[in-house]
Amino acid sequence: MTDNPNEINPGEIEPGESPRVPRRVIGTPPPRGGDSLLGPDAGARPRGDGNGAAAAHDAHPADEPVAVGEIKYPDPQSARKGERRASLLFLVTFLAGIGFVASYVIFQVGSVERTATSNLALGGSLAVALLSMAAGMVVWARQIMPKYTLVQQRHPMASSPEVREDVAKTFIEGANESGFLRHKMLRRTLLLASAPLGLLPLVLLKDLGPLPGTSLRHTVWKKGLRLMVEGTRQPIRAADFNSPGGILSVVPEGHEDDLNALAKATLILIKFRPEDLKPGVNLNWTHDSIVAYSKICTHVGCPAALYEQTTHHILCPCHQSTFDAADGAKVIFGPAARPLPQLPIGVDNEGYLIAQSDFNVPVGPSFWERGDAEAEARGQA
Amino acid sequence: MNSITARRRHPLARYAVLLLALSLLGGVYALLMPGGDRADAAIASGKADDVAAGKELFAAHCASCHGLNAEGSYAPGGASGPSLIGVGAAAVDFQVSSGRMPFANPGPQAPRKRPPEWVNPETVKQLAAYVQSLGGGPTKPSLEAVDPAKGDPAKGGELFRANCIQCHNFVGAGGALTYGKYAPSLEPATPTQIYEAMATGPQAMPVFNDSTITPEQKRDMIAYIVGVRHEPNPGGNGLGRIGPVTEGLVAWVGGLSLLIIAAIWITAKKRQVNHD
């Protein structure tokens with residue numbers, strides 16, 4: 001910075017330095033006679049008091065930027081105020097930068113809490129540093145630099161006809177010299193060589209497969225597989241699950257950690273009062289008023305398990321599809337198109353709940369080849 | 001003997017005598033009838049006066065909806081309530097101590113509120129004893145059974161994530177249900193109330209009985225629920241800890257507004273003031 005930021009006078013340059021390359025401070029107008037955004041003779045204008053910039057307009061080629069109207073410098077008093085503000089912000093940046101280094105040294109990581117403190121200190125100091133540097137620059141530009149409007153006319157984008165003709169001629173010359181047209185074998189082997197390269201991406205499409213086949217129609221549930229409580233991994237005795245209004249999240253035995261299997265096979269198990277059950281529930285698939293439904297919402301597959309024991313509503317948290325658990329989990333609200341599939345359950349000879357079979361319809365959201373699986377299932381029955 | 005003589009005219013003396021007599025009677029009865037039901041057990045343990053006092057409280061504060069004998073009532077559009085036979089002392093303790101009952105404005109949700117003046121631990125105990133005497137049910141857990149320090153928060157967290165977060169959110173902040181109901185925040189609930197809620201299934205909440213989720217597992221879950229309350233918020237403010245929706249909203253609305261204001265400030269033309 002100089003003491004007099006409004007003027008860089010070429011006369012003041014130090015001896016030994018070339019007068020053609022004057023010391024230039026960013027953000028100040030260019031020196032007299034130098035290359036200027038304002039055009040070759042912009043430096044000839046009176047400076048600081050701003051007048052007559054538009055007068056030079058006609059002397060320029062159309063595509064040179066031209067200043068229109070007055071060039072206004074802020075009055076020295078407000079410029080000094082702006083300088084103080086910007087400098088203060090730069091000082092803040094300086095201190096915050098030091099603070100960043102200091103916090104890196106002071107706040108060591110190790111535990112979650114200490115890492116959180118360290119992150120806060122490092123991120124906070126860096127944010128303050130960068131923000132105040134940016135703010136300082138904006139203050140500098142707005143309160144110290146001169147204000148004027150520059151106009152630059154558009155010029156034609158295309159090259160001149162001579163240049164274009166020349167390029168075309170060079171291209172034809174090059175093509176002829178390469179012998180691309182004369183040497184047939186060369187041309188054909190080159191084309192042959194590029195063909196596999198062009199087809200390479202098509203091969204990679206195979207990684208999108210393999211096709212799912214019938215895997216979307218089946219889950220791991222099969223006859224005799226025990227129902228296990230999610231979380232405790234214990235089988236469930238039907239006699240223990242005896243409080244009407246109870247609900248459990250259930251996974252198949254032996255697949256408690258198999259997320260691919262659980263994505264389709266997870267159940268909710270609900271205990272009803274016998275008089276609450278409505279015709280939608282297949283009673284042959286229940287045991288002692290315990291009903292098992294797929295937990296996977298038939299809309300887009302979120303886990304639907306918000307169960308209200310008073311209304312028997314199962315709510316899916318993603319899009320508010322609501323199912324009536326007492327009536328075969330039929331849809332009573334929301335975007336889901338089908339009821340939650342019911343799993344046939346029973347008990348083994350030790351009294352633990354087991355599956356009687358797989359679901360008889362595909363669980364979860366629709367897919368392209370699903371078709372009317374319910375109708376198919378009814379046809380088989 | 002002097003101390004008894006001095007206090008025999010004390011207003012509580014007759015209750016003490018009654019209590020003593022009932023204890024004796026109940027004790028003898030219990031000895032003779034080992035297969036007695038819960039109401040007899042209440043008499044035997046000297047809770048008969050609790051039951052009697054509870055019956056009076058019930059008649060005064062609960063019977064208008066739940067019926068004079070807690071049989072429940074249904075009046076469309078009016079005061080109606082379910083039968084309380086078999087709900088147990090735990091349900092009474094939960095509902096009354098959290099202020100949900102007596103229900104002020106019948107509606108889809110029974111919100112937690114400041115209990116009325118007559119509610120204190122003693123009256124709640126009496127009311128609970130009365131309801132317990134009607135048909136049994138889950139009882140109030142001991143303080144040791146709900147001590148978060150004795151639970152395993154890691155195991156409890158797994159169970160909480162499997163059974164509770166769908167409604168109550170992963171840190172117990174609560175969430176919306178259907179038709180105006182909502183799952184409340186677990187923040188103000190005491191460990192005892194959390195236990196009782198699991199055991200009794202208040203309002204729309206399902207029941208998690210002791211044979212499927214054991215008392216030890218319930219205590220683990222209480223340890224998790226109480227533990228996450230003290231977790232620090234890495235961002236400085238948890239924004240209600242209800243997940244990415246609020247955080248995204250604040251980031252988009254707050255952050256973008258700041259950026260737009262900054263962009264406007266940077267590019268705004270300064271008003272030209274003539275200083276000449």
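Two strands pair if DSSP finds at least two bridges between them, and strands (E, at least two residues) and helices (H or I, at least four) are DSSP runs, numbered from the N terminus. The structure is a predicted model, in which local features need pLDDT of at least 70 and side-chain atom pairs count only at pLDDT 80 or more, while totals for chains, interfaces and linings use all residues. Residues are numbered from 1 along each chain as its sequence is written, chains are lettered from A and ligands numbered from 1 in the order in which they are written, and side-chain values use heavy atoms, with hydrogens and water left out.

**View 1. The four-stranded open sheet of chain A, in the order β7-β8-β9-β10.** The pairing in this sheet is antiparallel. Strands β7 and β10 (330-333) of chain A form its edges, each pairing on one side only. From one strand to the next, the twist averages 30 degrees, the angle being taken between N-to-C directions (0 to 180 degrees) of axes fitted to C-alpha atoms. Strands β7(A) and β8(A) run antiparallel and are joined by three bridges. In this pairing, A:Leu306 has A:Leu315 of β8(A) opposite.

**View 2. The disulfide between A:Cys302 and A:Cys318.** How far apart are the sulfur atoms of A:Cys302 and A:Cys318? The separation is 2.0 Å, and the rule for a disulfide is a pair of cysteine sulfur atoms within 2.5 Å. By this rule, the count over all chains is one disulfide. The torsion about the S-S bond of A:Cys302 and A:Cys318 is about -100 degrees, and the disulfide is therefore left-handed. A:Cys302 belongs to the loop between β6 (290-294) and β7 (306-308) of chain A, and A:Cys318 to the loop between β8 (313-315) and β9 (322-324) of chain A, so the pair ties together parts that are 16 residues apart in sequence. With a relative accessible area of 14%, A:Cys302 is buried, whereas A:Cys318, at 36%, is partly exposed; buried means under 20% relative accessible area, exposed over 50% and partly exposed in between (1.4 Å probe, protein chains only).

**View 3. Two cysteines of chain B, B:Cys62 and B:Cys65.** B:Cys62 is buried, at a relative accessible area of 15%, and B:Cys65 counts as partly exposed, at 22%.

**View 4. The five-stranded open sheet of chain A, in the order β3-β4-β5-β6-β11.** Pairing in this sheet is antiparallel. At the edges stand β3 (227-229) and β11 (342-343) of chain A; each has a single partner strand, so one side of each is left without a neighbour in the sheet. Strand β3(A) pairs with β4 (residues 247-252) of chain A over three bridges, in the antiparallel sense. Across this pairing, A:Val229 has A:Val250 as its bridge partner in β4(A), and A:Leu227 has A:Pro252. Strand β4(A) is joined to β5 (residues 267-271) of chain A by four bridges, again running antiparallel. The bridge partner of A:Leu248 in β5(A) is A:Leu269.

**View 5. The two faces of strand β4(A).** Are the residues that point either way from β4(A) buried or exposed? A:Ile247, A:Ser249 and A:Val251 point one way, A:Leu248, A:Val250 and A:Pro252 point the other way, and all are buried.

**View 6. The contact of helices α6(B) and α7(B).** The axes of α6 (residues 88-97) and α7 (residues 121-135) of chain B come within 8 Å and cross at roughly 145 degrees. From α6(B), the residues B:Gly88, B:Ala89, B:Val92, B:Asp93 and B:Val96 take part in the contact (heavy atoms within 4.5 Å). Their counterparts in α7(B) are B:Val124, B:Leu127, B:Ala128, B:Val131 and B:Gln132.

**View 7. Chain B as a whole.** Chain B has 12 helices and two strands, which follow the pattern α-α-α-α-α-α-α-α-α-β-β-α-α-α along the sequence. Of its 276 residues, 36% count as buried. Among contacts in chain B between residues at least 6 apart in sequence, 58% join residues at least 24 apart.
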